[in-house]
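Subject: Structure for your review

Dear colleague,

Please find the structure below, together with its sequence. My notes on its aromatic residues and on one loop follow.

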Amino acid sequence: MGCDRNCGLIAGAVIGAVLAVFGGILMPVGDMLIERTIKKEVVLEEGTIAYQNWVKTGTEVYRQFWIYDVQNPQEVVANSSKIKVKQRGPYTYRVRYLAKKNITHDPENHTVSFLQPNEAIFEPSLSAGTENDTWTVLNLAVAYNNTADGVYTVFSGKDNINQVAIIDTYKGKKNLSYWPSYCDMINGTDAASFPPFVEKTRVLRFFSSDICRSIYAVFAAEINLKGIPVYRFVLPSMAFASPLQNPDNHCFCTETVISNNCTSYGVLDIGRCKEGKPVYISLPHFLHSSPDIAEPIEGLNPNEDEHSTYLDVEPITGFTLRFAKRLQINILVKPAKKIEALKGLKRNYIVPILWLNETGTIGDEKAEMFRKRVTGKINLLGLVEITLLSVGVVMFVAFMISYCACRSKKVK
């Protein structure tokens, strides 16, 4: 009877040890299987999850505009007073609802080329007025309709998953021809996705044709988005800092008068890519801009929640599941003797014209599909691994303690 009991206890301990070992082995094996599956599914080729969502996004993307209505134009012209503005809006358009065009695969270079349509549909129910409001300074539909962005050529990731979605060329070139030195380089992806297995320490680099440059985002927080864990990456203030604050930005300062010898910050002169027009971009309400930029303008209320740019990236796949791109368009206005309205000005102004908020969030249906095909399977595998390991260790310890107790009683 004693032998049977001891044998049973030993058998239980052995079973527990086997379960614990199996659970321990399953961890690296499971991670390897997950990595192999993810590497297959994020490649930009027909039949993968990534390609299906890349050709035509399942996310509804909206671009909202707020117009700055100048309240005291005559006072400014006569006295060079501070410009008083009041934002009007939003005026909302649905964008990026069409599939990419002219998709061409190059199997030798492992690249994919495409055009990104920029058509827009006005959404009256999400807007504060109509497109014909009399104070609107430009026809926003014309600004974004009947045009296409590109041609983009990006790496498919077929031969190197660490390059998937990274831009090889834009309009056939690897550089922009707008900026000196490395500032002219086209870096990263288009921000719709990034190479998989994103870590918090990674700097996410991406190119935006809207601002005529490459830029980057850094990790800010972990967030749960519709049951999917994501990393939030934000555009840092250092991205638009002056060369004094961030020496890497020295080649984005291309003149010394308006920039006060490159000491002003928070705005970027993009005139070179706008046919020489005096266009400056910034974050809305001059968020993170130097005091001298915002000082001549009254009515601005910058805040991080409404005016910062962020990307919510699922770290395993590298897919951007939610984003908010905030941007302000400004015009340089300065004294001009030959222009009646400007000849009396005694100072330069960087005048805010409008700011935009382009947002997109993964839909409920897509989120459910993502949970089932990606995060759900990973969580289930993790649960099985932990359960086997935990149960095995508990069984082994419990049965070994019982066995030792029985042996001790027998000796006595």
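Trp 54 has a relative accessibility of 9% and therefore counts as buried. Please note that the model is a predicted one.

The aromatic pairs come to twelve in number. In one of them, Tyr 51 and Trp 54, the ring centres are 5.7 Å apart and the planes meet at 35 degrees, so this pair is classed as tilted. Both residues belong to helix H2 (residues 49-55), where a spacing of three residues separates them by about one helical turn. Tyr 51, like Trp 54, is buried.

Trp 54 also pairs with Phe 114: the centres of the two rings lie 5.0 Å apart with their planes at 85 degrees, so the arrangement is edge-to-face. Because Trp 54 is in helix H2 and Phe 114 is in strand S4 (residues 111-117), this pair ties together parts that are 60 residues apart in sequence. Phe 114 is buried, with a relative accessible area of 2%. Tyr 51, Trp 54 and Phe 114 form one aromatic cluster with Tyr 152, Tyr 170 and Phe 207.

Two arginines are placed over aromatic rings. The charged end of Arg 213 sits 3.8 Å from the ring centre of Phe 252, over the ring, and Arg 205 lies over the face of Tyr 216 at 5.7 Å from the ring centre.

Finally, Ala 128 is found in the loop between strand S5 (120-122) and helix H4 (140-144). Its relative accessibility is 53%, so Ala 128 counts as exposed. Beyond its neighbours within four places in sequence, Ala 128 contacts Gly 89 and Pro 90. The C-alpha atoms of Ala 128 and Gly 89 are 5.3 Å apart, although 39 residues separate the two in sequence.

Yours sincerely

Methods:
Residues numbered from 1 in each chain as written. Predicted model: local features only at pLDDT ≥ 70, side-chain atom pairs only at ≥ 80, totals over all residues. Heavy atoms only, no water. Helix = DSSP H or I, 4+ residues; strand = E, 2+ residues; numbered from the N terminus. Buried < 20%, exposed > 50% of the residue type's maximum accessible area, 1.4 Å probe, protein only. Contact = heavy atoms within 4.5 Å. Phe/Tyr/Trp six-rings, centres within 6.5 Å; stacked < 30°, edge-to-face > 60°. Lys NZ or Arg CZ within 6 Å of the ring centre and 35° of its normal.
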